[in-house]
Amino acid sequence: MLNRQGVLLVVSGPSGVGKGTVIRELLAAHPEVSRSVSCTTRAPRPGEADGDDYHFISVEEFGRLRSESGFLEWASVHGDLLYGTPREPVLRALARGEDIILEIDYQGARSVRTELGGRAVLVFIAPPSWEALHSRLVGRETEAEADVRRRLNTALAEIAHLDLFEYVVVNDDLACAMGQLEAILLGERNRLGRLDWRGLQAGLLQEAEADRL
């Protein structure tokens, strides 16, 4: 078995597009893959657990971690909320050859690409239509109308930056969307640049040379 670097799947998309659900389906099918838990200064939504969905921290704590270079990336989202990815857990996982999924907005995805280059694989989860996205946000019934409008405005900016990403998955059917994300993961695992392939190549060439003699 070839040694390889871990795959970092950076998954972004508008709020309400269902990217969290797609990711959960992939993690259920691939328990060897872990999910990076981001820090945020927003309050938990109903059903969310600290340390599982996010690390819910204060603005002061966020500022301290940021000043100590504790984030791989951080961004201000929806005007006044802060999100950041703890640096060390991600880097340690990749060094061990473990795959990890990071769910962040396009600003964070751009920062991760700057930090890690080709080690980060950027995937955008898109809605099948604007109407579908609007309906999903309204249907959640967890936010006021003004907050829904703010998230729709943010979605416009995110969709405008789709060309930042390497892959796009349209979440019209959950099973299909998960299958596409899974295909991206499996393909990236076998990218030559991630593999310690030189030993394999040398061994095959030596065997071929011996076979000819």
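## A buried arginine, R194

R194 counts as buried because its relative accessibility is 4%, where buried means under 20% relative accessible area, exposed over 50% and partly exposed in between (1.4 Å probe, protein chains only). This arginine is found in the loop between α7 (174-189) and α8 (198-212); helices (H or I, at least four residues) and strands (E, at least two) are DSSP runs, numbered from the N terminus. The model is predicted: local features need pLDDT of at least 70 and side-chain atom pairs count only at pLDDT 80 or more, while totals for chains, interfaces and linings use all residues. Residues are numbered from 1 along each chain as its sequence is written, and side-chain values use heavy atoms, with hydrogens and water left out.

The side chain of R194 reaches the backbone oxygen of E188 at 3.0 Å. Such a polar contact is a pair of N or O atoms within 3.5 Å; within protein, one atom must be able to donate a hydrogen and the other to accept it, and residues adjacent in sequence count only if both atoms are side-chain atoms. Setting aside residues up to four places away in sequence, R194 touches N3, R4, Q5, G6, V7, G118, R119, V121 and E188, contact being defined as heavy atoms within 4.5 Å.

## Overall architecture

The chain holds eight helices and nine strands. Of its 213 residues, 43% count as buried. Its C-alpha atoms fill a box of roughly 75 × 40 × 30 Å, taken along the principal axes. Among contacts between residues at least 6 apart in sequence, 68% join residues at least 24 apart.

## Nonpolar cores

In soluble globular proteins, nonpolar side chains tend to be buried together. A nonpolar core is here a set of buried Ala, Val, Leu, Ile, Met, Phe, Trp, Tyr and Cys residues joined through side-chain atoms within 4.5 Å. The largest such core has 24 residues, and those with the most contacts inside it are L9, V11, L26, I101, V123 and L181. The elements that give two or more residues to this core are β1 (8-12), α1 (19-29), β8 (120-126), α5 (130-140), α6 (145-160) and α7. The largest share, five residues, comes from α7.

V11 touches K19, I23, I101, L102, E103, I104, V123, I125 and L181, not counting residues up to four places away in sequence. A second, separate core of 19 residues includes V10, V90, A109 and L122.

## The largest pocket

About 830 Å³ of space lies in the largest pocket. On a 1 Å grid over the protein atoms alone, a pocket is an open set of points where a 1.4 Å probe fits, with protein on both sides within 12 Å along at least five of seven lines; lining residues have an atom within 4 Å of a point. Grid points are joined across faces, edges and corners, and the volume is the space filled by probe spheres set on the points.

Of the 33 residues that line this pocket, the closest to its centre are K19, R42, R45, Y54 and E103. Two or more lining residues come from each of α1, α5 and α6, and α1 gives the most, with six. By class, the lining has 10 nonpolar, nine polar and 14 charged residues; Ala, Val, Leu, Ile, Met, Phe, Trp, Tyr, Cys and Pro count as nonpolar, Asp, Glu, Lys and Arg as charged, and the others, Gly among them, as polar.

One of the residues closest to the pocket centre, R42, is also a partner of E48, whose side chain makes a polar contact with the R42 side chain (2.9 Å). E48 is placed in the loop between β3 (39-40) and β4 (55-56). Leaving aside neighbours within four places in sequence, E48 is in contact with R42, D53, Y54 and F56.

## Exposed and partly exposed sites

D172 lies in the loop between β9 (167-170) and α7 and is exposed, with a relative accessible area of 59%. The C-alpha atoms of D172 and V11, 161 residues apart along the chain, are separated by 16 Å.

E115, in helix α4 (residues 106-116), counts as partly exposed because its relative accessibility is 42%. Apart from residues up to four places away in sequence, E115 touches L72 and R87. S69 is found in the loop between α2 (59-67) and β5 (71-77) and is partly exposed, with a relative accessible area of 49%. The phi angle of S69 is near 55°, a positive value in a residue other than glycine.
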